[in-house]
Structure formats: C-alpha cells, structure tokens
Amino acid sequence: MKNGRPVQPRQPIQGARLRKARISRNISGDQLARSLSDAIGEPVSATTVYSWETNEHRPEPRVVEALARLVGIEPGYLLKNTARHAPPHSAAEHPGGES
C-alpha cells in the first residue's frame with residue numbers, strides 16, 4: 001500500500017508517443033513534471049519524465065492517466081501498441097509541423 005491505497009502494477013507505456021505529444025504541445029519536460037506533480041500531489045522530476053519517454057521506467061496507472069490528460073491524449077494511446085487511440089491533435093491539422 002502507498003498513501004493508504006493499494007499499489008497497482010506498473011504498465012509499459014509507449015514513451016515515444018508521450019514525448020511526441022508533449023513536444024507537439026510545446027511543453028518542456030520540466031513543465032510537464034511540475035504540472036504532473038501538482039496533478040498527483042507528489043514530486044515528479046523532468047528526469048523521471050525522460051525515463052518514461054525512453055521506456056527506462058514505468059509510471060503507475062494513475063500517473064498514466066494524469067500524463068495523458070496533461071498532454072491531451074487518451075491513456076489507451078500511451079498503453080497500447082496501436083495507433084487506434086491517436087491524439088486528437090494530428091499532424092494533418094498542422095501541415096509541416098507548424099502551428
């Protein structure tokens with residue numbers, strides 16, 4: 001148990017998808033870490049965010065949900081090996097990668 005809650009098993013995420021979503025919204029690793037810390041009530045560092053993006057470590061399920069919400073994608077898109085849950089903000093909306 002952690003903070004009075006049972007600990008859920010950590011699931012692998014598609015780190016590259018997290019990174020792409022974060023960058024496409026012009027959110028730095030530091031900004032995401034601060035926002036995530038506020039959202040979950042625990043400290044998170046940019047190094048931790050980077051470790052998730054590079055698949056070195058796995059976040060807890062509740063963290064996956066908060067991450068997805070903060071970068072504007074579905075949690076399932078981070079968890080699955082499929083593009084079916086692609087972010088609503090697609091490259092087609094911004095040809096050439098520009099906003």
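The legends below accompany several close-up views of a predicted model.

View 1. Of the 99 residues in the protein, 32% are buried. Among the contacts between residues at least 6 apart in sequence, 59% join residues that are at least 24 apart.

View 2. In soluble globular proteins, nonpolar side chains tend to be buried together. Here the largest nonpolar core has 20 residues, and those with the most contacts inside it are L18, L36, W52, L67 and L78. The elements that give two or more residues to this core are α1 (15-24), α2 (29-40), α3 (46-53), α4 (61-71) and α5 (75-79). The largest share, 6 residues, comes from α4.

**View 3. The surroundings of L36 in the core.** L36 is one of the residues with the most contacts inside the largest nonpolar core. When its neighbours within four places in sequence are left aside, L36 is in contact with G41, V44, W52, V63, A66, L67 and L70. L36 also takes part in the meeting of α2 with α4 and in the meeting of α2 with α3, two contacts that are shown in the views that follow.

**View 4. The packing of α2 against α4.** Two packed helices are described by the angle between their axes and the distance between the axes. For α2 and α4 the angle is about 125°, and the axes are 10 Å apart, so these two helices are oblique to each other. Their crossing is right-handed. On the α2 side the residues are L32, S35, L36, A39 and I40, and these meet R62, V63, A66, L67, R69, L70 and V71 in α4. Sorted by class, the residues of this contact divide into 9 nonpolar, 1 polar and 2 charged.

**View 5. The packing of α2 against α3.** The axes of α2 and α3 are 8 Å apart, and the two helices pack at an angle of about 105°; α2 and α3 are therefore roughly perpendicular to each other. In this contact G29, D30, L32, A33 and L36 of α2 meet A46, V49 and W52 of α3. By class, the contact has 6 nonpolar, 1 polar and 1 charged residues.

**View 6. The buried residues of α4 and the glycine after the helix.** The buried residues of α4 are V63, V64, A66, L67, A68 and V71, and they pack against α1, α2, α3 and α5. The helix α4 is followed by G72, whose phi is positive, near 75°.

View 7. Most residues other than glycine have a negative phi. With a relative accessibility of 63%, N26 counts as exposed, because the cut-off for exposed is over 50%. N55 lies in the loop between α3 and α4, and its phi is likewise positive, near 60°. The relative accessible area of N55 is 49%, so this residue is partly exposed.

Conventions
Residues are numbered from 1 along each chain as its sequence is written. This is a predicted model: local features need pLDDT of at least 70, side-chain atom pairs count only at pLDDT 80 or more; totals for chains, interfaces and linings use all residues. Side-chain values use heavy atoms; hydrogens and water are left out. A nonpolar core is a set of buried Ala, Val, Leu, Ile, Met, Phe, Trp, Tyr and Cys residues joined through side-chain atoms within 4.5 Å. Buried means under 20% relative accessible area, exposed over 50%, partly exposed in between (1.4 Å probe, protein chains only). Helices (H or I, at least four residues) and strands (E, at least two) are DSSP runs, numbered from the N terminus. Contact means heavy atoms within 4.5 Å. Axes are lines fitted to C-alpha atoms, for helices over the stretch in contact, and angles run from 0 to 180 degrees between N-to-C directions. Angles under 35 degrees count as roughly parallel, over 145 as roughly antiparallel, 65 to 115 as roughly perpendicular and the rest as oblique. A crossing is left-handed if the near helix is turned anticlockwise from the far one by less than a right angle, and right-handed if clockwise. Ala, Val, Leu, Ile, Met, Phe, Trp, Tyr, Cys and Pro count as nonpolar, Asp, Glu, Lys and Arg as charged, and the others, Gly among them, as polar.
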